[in-house]
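Subject: The model you asked for

Hi there,

Here is the structure, with a few notes on it below. Please have it open while you read.

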Amino acid sequence: MKTIIFYRSSYRGNTLKIAESMKDALSAELVSIDSNPSIDLSDYDLIGFGSAINFAAHDIRLQRFVSLQNLKGKNVFIFSTRCRPFLGAYHKPLKKVIEGKDGIITGEFSCRGFDRTGPWVLMDGYNKARPNERDRFKARLFAEKLRWKLHPLALAHKNPVAGYSDGIPIRRKGSDTVAGGKVVFLNTSTCINCEKCIKVCPMHIFARRDTVLPTDEKNCIQCRLCADNCPTSSIYIRESFLNGLRIALRESFSDKLQSSYNAENEKNEH
Ligand SMILES: Cc1cc2nc3c(=O)[nH]c(=O)nc-3n(C[C@H](O)[C@H](O)[C@H](O)COP(=O)(O)O)c2cc1C
């Protein structure tokens, strides 16, 4: 997913810390609007805009910058750092600008940032050391969830089962064919059968039949090594707490997962 993040962080670099965390999670390009960038956004799947909250809204220069971009039909997320403990309506003005440009707001994030202006001089600043490691962790989590939410197979489980291949449900998604039951989904139309997923999956979810297929999804532990290593982004893991719980219970009450995992280790050792 091609992603770009524009930011302005003029006071203490607070927003930049958050932007950097998001950049890492999304493998995004990070661009300061102070460099007056002129970038054609038509190629990007996701665009982020963030700044400090200055006088109850995003930085006015960021708002102006956004108002000059072509955002029609684009997935956009916005973020901010602020002094006040709660966000309130601070994001409203920027959201209005984006909606006016027909952009689609897919997520919002805000956290506290150090401020030593106005009355806060009395206590030598408020929100000391913010954003901190926890704020950055939350920013990464937000970005990670966004990436997953926008994955082309995110809603594949909702498409009806059109048939079976080797006992695995097959669904149609537009012109694509997607193999998968409830947890692991593979777009067999875009898969290039490189077998990386077979090599990296510690639980042997994938196997080569005529083509690569997710043949044993019940063992999936949601490690996402397959999806992260897929060169064509053809794999989607439908992560959920319940899937996690299911696998934790199996792990506690059965030795099948251990045997399945050991089998591969032994194979690799020989
Ligand atoms: C000129 C100015 C105006 C500000 N206005 C607000 C405000 O209205 N509400 C708020 O919660 N914080 C306000 N703040 C605090 C900043 O939003 C906060 O310190 C932010 O983390 C700064 O981010 P930056 O270092 O990326 O510029 C203001 C700070 C400055 C310098």
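Is Ala56 buried or exposed? Ala56 is exposed, because it has 12 other C-beta atoms within 10 Å. On the scale used here, a residue is buried if 20 or more other C-beta atoms lie within 10 Å of its own, exposed if 12 or fewer, and partly exposed in between, with C-beta atoms placed from the backbone.

Before going further, please note that this is a predicted model: local features need pLDDT of at least 70, side-chain atom pairs count only at pLDDT 80 or more, and totals for chains, interfaces and linings use all residues. Residues are numbered from 1 along each chain as its sequence is written.

**Overall layout**

The protein chain falls into domain 1 (3-149) and domain 2 (156-269), with bounds that come from an automatic or database domain assignment. Their C-alpha centres, those of domain 1 and domain 2, are 35 Å apart. Helices (H or I, at least four residues) and strands (E, at least two) are DSSP runs, numbered from the N terminus.

**Around the ligand**

The ligand has 20 residues around it, and Tyr11, Thr15, Ala52, Cys83 and Gly113 come nearest; a residue is near a molecule or strand if its C-beta atom, placed from the backbone, lies within 6 Å of it. At least two residues of this shell come from each of α1 (14-26) and β4 (75-82). By type, the shell has 7 nonpolar, 9 polar and 4 charged residues. Here Ala, Val, Leu, Ile, Met, Phe, Trp, Tyr, Cys and Pro count as nonpolar, Asp, Glu, Lys and Arg as charged, and the others, Gly among them, as polar.

**The nonpolar cores**

The largest nonpolar core has 29 residues, of which Ile5, Met22, Phe49 and Val76 touch the most other members. Such a core is a set of buried Ala, Val, Leu, Ile, Met, Phe, Trp, Tyr and Cys residues joined through C-beta atoms within 7 Å. Among the elements that each supply at least two residues of this core are β1 (3-8), β3 (46-52) and α2 (60-67), while α1 gives the most, with 5 residues. Apart from this core lies another, of 24 residues, among them Val183, Met203, Phe206 and Leu213.

Phe6, in strand β1, counts as buried because it has 22 C-beta neighbours inside 10 Å. Beyond four places in sequence, Phe6 is in contact with Val31, Ile33, Gly48, Phe49 and Phe65, contact meaning C-beta atoms, placed from the backbone, within 7 Å.

Strands β6 (residues 161-165) and β7 (residues 168-173) pair in the antiparallel sense over 4 bridges; two strands pair if DSSP finds at least two bridges between them. Tyr164 has Pro169 in β7 as its bridge partner. This hairpin of β6 and β7 has 2 residues between the strands, and Asp166 in the turn shows a positive phi of about 55°. In the hairpin of β7 and β8, also with 2 residues between the strands, Gly174 takes a positive phi near 60°.

**Backbone details to look at**

Back to Ala56: this residue sits in the loop between β3 and α2 and has a positive phi of about 70° although it is not a glycine. Asp124, in the loop between β5 and α4, also is not a glycine and has a positive phi of about 55°. Asp124 counts as exposed because 8 other C-beta atoms lie within 10 Å. Lastly, Arg130 and Pro131 are joined by a cis peptide bond, with omega about -5°.

Best wishes

Terms used
Contact = placed C-beta atoms within 7 Å.
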